[in-house]
Amino acid sequence: MHFTAALFVNTACIMCIIISTLQGRVEPTAVIARDVNETEMFYYEIRPELFNWTNGADSRFVFTPSLQNYPDLLYWIYYKFDGKNRHGYLYGTPPADSSDRKILLDINGLNKKTYQIETQVIQLNILEKSEYATNEVRFKINNLNVEDMFHEERIPYLLDIFRQNLWLGSKENLYVTFLASASDLGQRLPLDPNDTEGVIVNLGSSSNFSTMLYDLEKEISPLQKMNKCPKDFKRTSVERYFRANGFNLDWCSFKLVELPIIDQNKTINVQDKLSSTKHAEENVWELMESLQYTQSMHTNASKLIITLLIFVIFVILITFSIGVFRWHKKVIFLKKLNKI
């Protein structure tokens, strides 16, 4: 009896210690503020050091971001985890009509080596853009994943290609208006896990399109009529700028788009909002048109292969049946001949 009571008391004490410890660990530290601009893509890197953890070779972490007091993120905020460096990435583009200028995000971190839990709060301060983009270049990068875009100054390198070579008038106001993984927009994941998914990128500026961009659009216009875009098409006159910086573009997805004008005083009428929504939808589906060409070709090829297999099997069965029938007929004939 005494042993049972003592065991119960010890167990209760241990549970209280564990609960109190966990409660103490999940309390967030000071809020980290980050300023972001409307219509401009931002990203925030979630490192283990954010929770005072050491990122060792055998370390394993899980980060779960969400809108504070809600189970998920806002529709325009995405999250990706990079297993190579064990960092997480929050990214997205604040819309122009954001009513809430301060957004609080909870980042829950789990150290799977020690099972320690920590929480960090990120505050996004959405600022008005001084000058909105009126023109946009849209394209897909084949050889990268979306998390790769946040490594090694890749985004500045990409912007510099346009600022210094293709769109000189955009030097002062070119920025990324949209960034997403091709799989998030509906493209199938690659069969080989080691293959890249591809990244959809939109670059916007208030400057007019350059003559060089119009010439490039005209140059690649025959590609948009193809059912399947060549994955390693390298014959554009500007290919060298991208290849030198490690970008392999899908030229079938390259588009120049004029955006609806957003008033600085934010007095957008209903028609403007409908137009803006329409362009936002086109932003996704126009880019997916070229991606779906490849998918449709794979689907058609698969259907053709299955049809051929069925036909071959049918022919084999018919041939086998005829052979069996002839063999059976011959056996009967020989039996009758023996009786005679």
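T236 touches L216, E219, I220 and W251, not counting residues up to four places away in sequence; contact means heavy atoms within 4.5 Å. The model is predicted: local features need pLDDT of at least 70, side-chain atom pairs count only at pLDDT 80 or more, and totals for chains, interfaces and linings use all residues. Residues are numbered from 1 along each chain as its sequence is written, and side-chain values use heavy atoms, with hydrogens and water left out.

**T236**
- T236 sits in the loop between α3 (211–220) and α4 (239–243); helices (H or I, at least four residues) and strands (E, at least two) are DSSP runs, numbered from the N terminus.
- With a relative accessible area of 7%, T236 is buried (buried is under 20%, exposed over 50%, partly exposed in between, with a 1.4 Å probe and protein chains only).
- Its side chain makes a polar contact with the side chain of E239 (3.1 Å). A polar contact is a pair of N or O atoms within 3.5 Å; within protein, one must be able to donate a hydrogen and the other to accept it, and residues adjacent in sequence count only if both atoms are side-chain atoms.

**Nonpolar cores**
- The largest nonpolar core has 38 residues, of which F139, M149, L158, F162 and F242 touch the most other members. Such a core is a set of buried Ala, Val, Leu, Ile, Met, Phe, Trp, Tyr and Cys residues joined through side-chain atoms within 4.5 Å.
- Elements that each supply at least two residues of this core include α2 (154–166), β8 (135–141) and β11 (249–258).
- The most comes from α2, with six residues.
- Leaving aside neighbours within four places in sequence, F242 is in contact with L158, I161, F162, L166, F247, L249 and W251.

**Sheet with antiparallel pairing**
- Four strands form an open sheet in the order β9-β10-β8-β11, with antiparallel pairing; two strands pair if DSSP finds at least two bridges between them.
- β9 and β11 are at the edges with a single partner strand each, so one side of each has no neighbour in the sheet.
- Six bridges join β9 to β10, and Y175 stands opposite G204 in β10.

**Sheet with mixed pairing**
- Another open sheet of four strands has the order β1-β7-β6-β3 and mixed pairing.
- Its edge strands, β1 (32–37) and β3 (61–67), each pair on one side only.
- β1 and β7 (residues 116–127) run parallel and are joined by six bridges; N37 stands opposite L127 in β7.
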